[in-house]
Amino acid sequence: MMQNMNRDKVGGFSCPVCGGFIPTSMEELVTSSSLVCPVCNLQLTIDKASSQKAMEAMNKVMDAQKNVEKASHFDGK
Ligand SMILES: [Zn+2]
């Protein structure tokens, strides 16, 4: 299931039951509690715990990028 997060680029992921395309976004994954497959009407409950982990990981990357920017600005002076 973790690989679903990597599909965010294309705005959705494959339904685990019918393999149909379920359109979604990172924002929707975080803000809504469930998604419905448009092909088979399967209701998927969004795992808030893993979404939160993904958000934390993203924040860490952004923090790291900020630090790198700061460091390079400082170095350039
Ligand atoms: Zn489906």
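Predicted model: local features only at pLDDT ≥ 70, side-chain atom pairs only at ≥ 80, totals over all residues.

Visitor: Where does Thr24 sit in the chain?

Guide: Thr24 lies in the loop between strand E2 (21–23) and H1.

Visitor: And which residues is Thr24 in contact with, leaving aside neighbours within four places in sequence?

Guide: Gly11, Gly12, Phe13, Leu29 and Leu35. The side chain of Thr24 also makes a polar contact with the side chain of Glu28, at 3.2 Å.

Visitor: What else does Glu28 have close by? I mean its backbone oxygen.

Guide: A polar atom of the Ser32 side chain lies 2.6 Å from the backbone oxygen of Glu28.

Visitor: OK, Ser32 then. Buried or exposed?

Guide: Buried, because its relative accessibility is 18% and the cut-off for buried is under 20%. Ser32 is in the loop between helix H1 (26–31) and strand E3 (34–36).

Visitor: What does Ser32 touch, not counting residues up to four places away in sequence?

Guide: Ile46 and Lys48.

Visitor: Switching topic: which residues are the protein donors of the zinc ion?

Guide: Cys15, Cys18, Cys37 and Cys40, each through SG, lying 2.3 Å from the zinc.

Visitor: How are those donor residues spaced in sequence?

Guide: The spacing reads C-x2-C-x18-C-x2-C.

Visitor: And why is the arrangement called tetrahedral?

Guide: Because the angles subtended by the four donor atoms around the zinc ion run from 106 to 114 degrees. For reference, the ideal angle for four tetrahedral donors is 109.5 degrees.

Visitor: Let's zoom out. How many helices and strands are there in the protein?

Guide: Two helices and four strands. Along the sequence they follow the pattern β-β-α-β-β-α.

Visitor: What share of the residues counts as buried?

Guide: 21% of the 77 residues. The protein exposes about 6,100 Å², with carbon and sulfur atoms supplying 57% of that.

Visitor: Last one: among contacts between residues at least 6 apart in sequence, how many join residues at least 24 apart?

Guide: 14% of them.

Terms used: Residues numbered from 1 in each chain as written. Heavy atoms only, no water. Buried < 20%, exposed > 50% of the residue type's maximum accessible area, 1.4 Å probe, protein only. Polar contact = N/O pair within 3.5 Å; in protein donor to acceptor, adjacent residues only side chain to side chain. Contact = heavy atoms within 4.5 Å. Donors = N, O, S within 2.8 Å, 3.2 Å for Na, K, Ca; no water. Tetrahedral: all angles 85-135°; square planar, octahedral: opposite > 155°, others 65-115°. Areas by Shrake-Rupley, 256 points an atom, 1.4 Å probe, with all protein chains shown as cover.
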